[in-house]
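Please consult the sequence and the structure shown below while reading.

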Amino acid sequence: MNIAQRISIDPAAKNYVSKPRKLLIDGAWVNAQSGKTFPVYDPSTGEVLAHVAEADAADVDKAVKAARKAFDEGPWPRMSPSERGRHIWKLADLIEKHAEEFATLESLDNGKPLTVARVADVPLTVDMFRYMAGWATKITGTTIPISFPGEYLSFTLREPVGVVGQIIPWNFPLLMAAWKLAPALATGCTIVLKVAEQTPLSGLRLGELVAEAGIPNGVVNVLAGYGETAGAALAAHHGVDKVAFTGSTEVGKLIVQAAAGNLKKVTLELGGKSPVVVLDDADVDAAIPGAAGAIFFNHGQCCCAGSRLMIHKKIFDKVVAGVAKEAESIKLGPGLDPDTQMGPLVSDEQFQRVTGYIRSGIAEGAEVVVGGKKGSDNGGYFVQPTVLTKTNSDMKVVREEIFGPVVCATPITDADLEDIARQANATNYGLAASVWTRDISKANKLAKRIRAGTVWINCHNVFDASLPFGGYKESGWGREMGEFVLNNYTEVKAVTTAL
Ligand code: NAI
Ligand code: MG
């Protein structure tokens, strides 16, 4: 079978990309006030896939006003938690009903294999809404005994923080929308969500289901637009009480500055340079595919990608050869081809960035064990899965987030756990890490010593709606998911009554 015979496209997704898509403001689908639109590209060919309205500051202002009105006057924050939970659950059901369309849009827009979007992005999105639907009825305060002279009753209330601006990236477009929207909805906030300019489609399509789920107008507003215009305007807007951002550390710092105007609350989920530590007693047959998956999943476009592979010197050659073999066997192709195991990078910009890093690594003396080249000549943004050795901690490829399928492998020359932890922590980031060993004591000692928000033992990239996720150091502020994320979207009020 040739490619054309293998690929069949979901008719609903095909229909969705065939028409220009608009912005969701106050329950209505509208053009940008400027009338501008922008093209969305198919990363497997570089050709235009769809056109989308381009929001800028004027549309952000309109959307924030709608969210403000929905918060200050609308039913959403005043609704019973049980009813709010039911609407969120309904939204999950609707996404599930349109699962194939969402998986297809995600694959077309981002480039990831349809087979992956079907088993990861879409079901994790559904799960996140269901998990948070359950929390709507469980956001409680506490009663607190106080020592002030006299008799008092003191308790805390948890209240929604208000209007939230949410800015998301392109690596998991639908799932990142869910990570942001679901807890904000559960707590009774209203939202202006700005989807990434590279991948606006699934977030906009999700917006269509919001009304069907019975969520009132103005509670969820969805804007497509560029970061420097729409994103910056949202982060700076004085009508926004809190901004939640996922993306680069560089833009995270700009968000903090923009938020200073009205001291809106800020949470940030930023970059990483996560270590994968393989000790000499590791189950090598598990560690090899584990380390390969840690970097090559989603083409390395994961904030928690295991991009620094630290292997005990005794098994270094064996593990590197194993990971290289895995890399070589990965079949590159368009996301919709069922034979594809790795798609293109999301954009030409990312293609240039990642291949630039590979060139810089080589120029600084790194050795390419496998890969290192562009992955096709058809105009798509493909990069070969790449393993580099002979890297050191001064090199850009070791210090900076590459966000592509490129791993730097280094031997660990010292078996002392303190020293291994020091090397693992030798980064400005602190998002995630994995440790591979059969020694549960060593594994847990390292888990305690590694300064990162997530440590996986004998696994990597295990995610669950119930597990908090976020970064130490320059990987961010606050936590997404789990019970912890509710703190991002609530204010705490202490109420004291003199009895
Ligand atoms: P980015 O941080 O520029 O974009 C992420 C989001 O922020 C997008 O929605 C974008 O429109 C918005 N944005 C950009 N500039 C903004 C501004 N001044 N104010 C408000 N919002 C703004 O990331 P980009 O340029 O797409 O990728 C660059 C690098 O960032 C990647 O190579 C990777 O290292 C890192 N990154 C990390 C992600 C993560 O999950 N932590 C996700 C995407 C990128
Ligand atoms: Mg950028």
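Domain 1 and domain 2 bury about 2600 Å² between them, and 63% of that area is on carbon and sulfur atoms. Buried area here is the accessible area (1.4 Å probe) that two parts lose on being put together, summed over both. R6, S44 and W170 supply 21% of the area that domain 1 buries against domain 2, more than any other three residues.

This is a predicted model, in which local features need pLDDT of at least 70 and side-chain atom pairs count only at pLDDT 80 or more, while totals for chains, interfaces and linings use all residues. Residues are numbered from 1 along each chain as its sequence is written, chains are lettered from A and ligands numbered from 1 in the order in which they are written, and side-chain values use heavy atoms, with hydrogens and water left out.

## Domains

The protein chain is divided into domain 1 (3–270 + 476–495) and domain 2 (275–464), with bounds that come from an automatic or database domain assignment. Their C-alpha centres lie 30 Å apart. Across the boundary, 32 residues of domain 1 are in contact with 34 residues of domain 2, where contact means heavy atoms within 4.5 Å. Two salt bridges are counted between domain 1 and domain 2.

## Salt bridges

A salt bridge is a side-chain nitrogen of Lys or Arg within 4 Å of a carboxyl oxygen of Asp or Glu. The whole structure holds 24 salt bridges.

What does the pairing of R6 with D339 tie together? R6 lies in helix α1 (residues 3–6) and D339 in the loop between α12 (316–329) and α13 (348–363), so the pair connects parts that are 333 residues apart in sequence. Helices (H or I, at least four residues) and strands (E, at least two) are DSSP runs, numbered from the N terminus. R6 is buried at 17% relative accessibility, whereas D339 is partly exposed at 37%. In these terms, buried means under 20% relative accessible area, exposed over 50%, and partly exposed in between (1.4 Å probe, protein chains only).

E208 is in helix α8 (residues 201–212) and R21 is in the loop between α2 (11–18) and β1 (23–25), so parts 187 residues apart in sequence are tied together. E208 is partly exposed, with a relative accessible area of 28%, and R21 is buried, at 15%.

E96 is partly exposed at 42% relative accessible area, while R130 is buried at 17%.

## Buried residues

A177 lies in helix α7 (residues 173–187) and is buried, with a relative accessible area of 0%. Not counting residues up to four places away in sequence, A177 touches I168, L193 and L206. A177 and A260 are 83 residues apart in sequence and 24 Å apart in space, C-alpha to C-alpha.

L431 is located in the loop between β16 (429–430) and β17 (432–436) and is buried at 1% relative accessibility. The C-alpha atoms of L431 and A178 are separated by 20 Å, and these residues are 253 residues apart along the chain.

## Positive phi values

Most residues other than glycine have a negative phi. Phi of L263 is positive, near 50 degrees; L263 is found in the loop between α10 (249–259) and β10 (265–269) and is exposed, with a relative accessible area of 66%. Phi of H299 is also positive, near 65 degrees. H299 lies in the loop between α11 (284–296) and β12 (308–312) and is buried, with a relative accessible area of 1%.
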